[in-house]
Amino acid sequence: LERERRRYGRQHYIPHLAAARSYEQLWTVVEEGSYGRAKLRDDPSGRSYLLDLDVARDAVIASAENEAAGTTAILGQLWRYSLLRCMLASRAENLPDEFFSLMAQLGEEQYVINLAEMLTESLWKAERLALIAKELGRKPQRRADAQTVLARARQVARDSARCELRVDAFIKVAEAAIEIGELNLAAEVWDDACREIPEIPSASV
């Protein structure tokens, strides 16, 4: 019970401080370091701590709207938190596809899902999620989990800013769906890709 209480506290502490506008305490917690190290021990993928850094960056902006803080100080805080966030995200971006597949095979799919969710490029994120879903779908008892991850990959593909990247991402998701026998889903995602093709500039085709 005590362990669960501490885990809950680590998960929600930064959002609670931001919601309460306890900004000075929030800065102290983030910059002192021990809280971040504990979060990384609890979630080695770093995604949970990355979300905290997003909250901290939003809090810097919110605090600046209410206080006459110097622009240099505000930019300094944003730069520090953004740099730390980029360092965490780059760990996932440098991992090969084989790592995501292998970890999913070994039953560590939540770990690699968290890593995939940290990726900033929607195409990369959709590709990695499709890889994870493909590995899960090879096990009949994990078919429902594979469908859930594929649905998330499809949503990520839709969120890509450029239509040619959306097409590429949809194709990756459709290919994964075919490999695990989700033919109806594959057809739906292929239709998603086909709808995007007329939007691609002719120079990109």
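Serine 160, setting aside its neighbours within four places in sequence, is in contact with Glu121, Ser122, Leu165 and Arg166. This residue belongs to a predicted model, in which the protein has 11 helices and zero strands, so that reading along the sequence gives the pattern α-α-α-α-α-α-α-α-α-α-α. Of the 205 residues of the protein, 44% count as buried, and among the contacts with a separation of 6 or more, 61% are between residues 24 or more positions apart.

**Loop residues**

- Serine 160, with which this briefing opened, lies in the loop between helix H9 (143–159) and H10, and with a relative accessibility of 4% it counts as buried.
- Glutamate 182 is also a loop residue, found between helix H10 (163–179) and helix H11 (183–196), and it counts as buried because its relative accessibility is 14%, which is under the 20% limit.
- The side chain of glutamate 182 is joined to that of glutamine 147 by a polar contact of 2.9 Å, and, leaving aside neighbours within four places in sequence, glutamate 182 is in contact with Arg143, Gln147 and Ala177.
- Arginine 21 lies in the loop between helix H1 (2–19) and helix H2 (23–32), where it has a positive phi of about 60 degrees although it is not a glycine.
- Arginine 21 counts as exposed because its relative accessible area is 58%, a value over the 50% limit.
- Proline 44 has its place in the loop between helix H3 (34–42) and helix H4 (47–66), and at 44% relative accessibility it counts as partly exposed.
- Not counting residues up to four places away in sequence, proline 44 touches Arg91 and Tyr111, while its C-alpha atom is 9.2 Å from that of leucine 115, a residue 71 positions away in sequence.

**The nonpolar core**

- The largest nonpolar core holds 56 residues, of which Leu26, Trp27, Val30, Leu129, Ile132 and Leu150 touch the most other members.
- Helix H10 gives the most to this core, contributing eight residues.
- As general background, nonpolar side chains tend to be buried together in soluble globular proteins.
- Leucine 129, one of the core residues that touch the most other members, is in contact with Ile113, Ala116, Glu117, Val149, Arg152, Ala153 and Val156 when its neighbours within four places in sequence are left aside.

**Helix H7**

- Helix H7 (residues 109–117) is largely enclosed by the rest of the structure, because seven of its nine residues are buried.
- The buried residues of H7 are Glu109, Val112, Ile113, Asn114, Leu115, Ala116 and Glu117, and among them Ile113, Ala116 and Glu117 are in contact with leucine 129.

**Helix H8 and its packing against H6**

- Helix H6 (residues 97–105) and helix H8 (residues 122–137) pack at an angle of about 35 degrees, their axes being 9 Å apart, and the crossing of these two helices is right-handed.
- On the H6 side the contact is made by Asp97, Phe100, Ser101, Ala104 and Gln105, and on the H8 side by Arg128, Leu131, Ile132 and Glu135.
- By class, this contact of H6 with H8 has four nonpolar, two polar and three charged residues, and Ile132, which takes part in it, is also one of the core residues that touch the most other members.
- Alanine 126 is found in helix H8 and is buried, with a relative accessible area of 0%.
- Not counting residues up to four places away in sequence, alanine 126 touches Ala153, Val156, Ala157 and Ala169, of which Ala153 and Val156 are also in contact with leucine 129.
- Alanine 126 and phenylalanine 170 are 44 residues apart in sequence, yet their C-alpha atoms are 8.2 Å apart in space.

**Helix H10**

- Isoleucine 171 has its place in helix H10, and at 26% relative accessibility it counts as partly exposed.
- The C-alpha atom of isoleucine 171 is separated by 9.4 Å from that of alanine 157, which is 14 residues away along the chain.

Key:
Residues numbered from 1 in each chain as written. Predicted model: local features only at pLDDT ≥ 70, side-chain atom pairs only at ≥ 80, totals over all residues. Heavy atoms only, no water. Axes fitted to C-alpha atoms, helices over the stretch in contact; angles between N-to-C directions. Helix = DSSP H or I, 4+ residues; strand = E, 2+ residues; numbered from the N terminus. Left-handed = near helix turned anticlockwise from the far one by under 90°. Contact = heavy atoms within 4.5 Å. Nonpolar A, V, L, I, M, F, W, Y, C, P; charged D, E, K, R; others polar. Buried < 20%, exposed > 50% of the residue type's maximum accessible area, 1.4 Å probe, protein only. Polar contact = N/O pair within 3.5 Å; in protein donor to acceptor, adjacent residues only side chain to side chain. Core = buried A, V, L, I, M, F, W, Y, C linked by side-chain atoms within 4.5 Å.
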